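Me: I'd like to learn how to read a fold from its coordinates. Could you walk me through one?

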Amino acid sequence: MQKAKEYDWQDSNLALFGSDTEKQVKKESAESEPAWQGAGQQPGLQIWRIVKFQVTHWNKEEYGNFFEGDSYIILNTYKEADSEELNYDVHFWIGKDSTQDEYGTAAYKTVELDTFLDDKPVQHREVMENESSLFKSYFKSIVYMSGGAESGFRHVKPEEYKTRLFHCSKQGKGRSARLEVKQYDKVKRKYLSSGDVFILDTGLKFYMWTGKDSNFDEKYQSAQYFQDMTSKRPRASKETLDEEDVSPSHEFWDYFDQDDEVDGEDEDQSAQDEDDSASFDPVLFRLSNASGELTFTEVSTGDNIRRDDLDPSDVFILDTGRACYVWVGSQADNAEKKNGIPYATQYLMNTHHKKANITCLKEGSKSKDFYSRLK
């Protein structure tokens, strides 16, 4: 069987529209998609995973857990204070090893869900390890799991488990802070850091290793996650270890690879060094079909970006470096509406902040973050 092509961040997302991927998922309309039945009918969170072009319900017990090889659709339904009207935010989340087909299906199906909900949702693209604060606020913790749809539900006996190391770290500050948990395929000492907490799962026994510089909240949230993990495998034993107290001869160290080089460490650091999101000068683009074919042109930059630049008949893309906004005018045609996120994605591929979040909002939508960038 031929291996599916992994999604390359350099790929152009425009190629997905009008391609075999789009034709495959376009067979069923929004009204006939079984997964959307009951979607957005009451406040709460709903999550679907893309499996072989199909939208499948994600188990509620797994909310906050994401396979690195998959793509997901997340719908948050809520009401504003003193209002009975339902509002929506819909996100499609892309795992770092998600295939192009899965990503393309998630993007297309997100638009379909938006149509099903009468174009009311605000749409967001989320990239693994660079999720927005809004996305993170839905979960007590976010867990990245190795594998994907092909391997995610194989039942393995505890004695056959491949030892796994989980890195628990607190991300963000204040009320927006969440525990982020990353799973490593390889178990190496160099992954351990004094400022965080780590969980080692050997199948028959769990260990929680607490770094000497980890803070109280981090320890507390990690302990809660550790308790949740171990409760799902009651026959496994567990042990907690403090960095300063665990001896060099402890059996804990027997599970770590002798080869202690961290794969991709240099590449990851190089990528971080190139990131320009903090220093990037904002730029506004217009996506227009007025000439009969789509054109993508720069409108203004920096302090010259104004609300008056926005035209209801077109779509505009604002790149701030840290985030990218797709503003859809009330009179924009279907071609412009359909290609806002694809054009934003293609554009970001040629920047030094290609993993920036993308938010698509309609004219009239409330977004303090977006409008605060305009004069």
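Predicted model: local features only at pLDDT ≥ 70, side-chain atom pairs only at ≥ 80, totals over all residues.

Me: Let's start inside. Which residues touch the most other members of the largest nonpolar core?

Reply: The general idea is to look for buried nonpolar side chains that are joined to one another. Here that core has 36 residues, and Trp 48, Ile 73, Leu 75, Phe 92, Leu 113 and Val 326 touch the most other members. The element that gives the most to this core is helix α6 (residues 334-349), with 6 residues. Another core lies apart from it, with 28 residues, including Met 145 and Val 197.

Me: What is Trp 48 in contact with, beyond its neighbours within four places in sequence?

Reply: Among its contacts are Trp 36, Val 55, His 57, Trp 58, Ile 73, Leu 75 and Leu 113. Ile 73, Leu 75 and Leu 113 are also on the list of core members that touch the most others.

Me: Parallel or antiparallel: in which sense do β3 and β7 pair?

Reply: Parallel: 3 bridges link β3 to β7 (residues 141-145). If you want a spot to look at, Phe 66 stands opposite Tyr 144 in β7.

Me: Which residues of α4 are buried?

Reply: First, the general idea: an α-helix has 3.6 residues a turn, so residues three or four places apart point the same way. In α4, the buried ones are Glu 218, Gln 221, Ser 222, Tyr 225, Phe 226, Met 229 and Thr 230.

Me: How many residues of α2 are buried?

Reply: 13 of its 17 are, so α2 is largely enclosed by the rest of the structure. As for length, α2 (residues 100-116) reaches 24 Å from its first C-alpha to its last, close to the 24 Å expected. Just after α2, check the backbone at Asp 118, where phi is positive, about 60 degrees.

Me: What about hairpins? How many residues lie between β13 and β14?

Reply: For a hairpin, look at the paired strands and then at the turn. β13 and β14 have 6 residues between them, and Gly 292 in the turn has a positive phi of about 100 degrees. The two strands run antiparallel, joined by 6 bridges, and Leu 284 stands opposite Ser 300 in β14. β13 also pairs with β15 (residues 315-319), in the antiparallel sense over 5 bridges. There, Phe 285 has Ile 317 as its bridge partner. As for cover, 5 of the 6 residues of β13 (residues 283-288) are buried.

Me: Buried or exposed: how do I class Asn 87 and Arg 235?

Reply: Asn 87 comes out at 18%, so it is buried. Asn 87 lies in strand β5 (residues 86-94), and among the residues it touches are Asn 76, Tyr 78 and Glu 80. Arg 235, at 86%, counts as exposed; its place is in the loop between α4 and β12.

Me: And the cysteines: how many disulfides does the count come to?

Reply: You look for cysteine sulfur atoms within 2.5 Å of each other, and here the count is 0 disulfides. As for where cysteines sit, Cys 168 is buried at 0% relative accessible area, and Cys 360 counts as buried at 5%.

Conventions: Residues numbered from 1 in each chain as written. Heavy atoms only, no water. Core = buried A, V, L, I, M, F, W, Y, C linked by side-chain atoms within 4.5 Å. Buried < 20%, exposed > 50% of the residue type's maximum accessible area, 1.4 Å probe, protein only. Helix = DSSP H or I, 4+ residues; strand = E, 2+ residues; numbered from the N terminus. Contact = heavy atoms within 4.5 Å. Pairing = 2+ DSSP bridges. Expected span 1.5 Å × (residues − 1).
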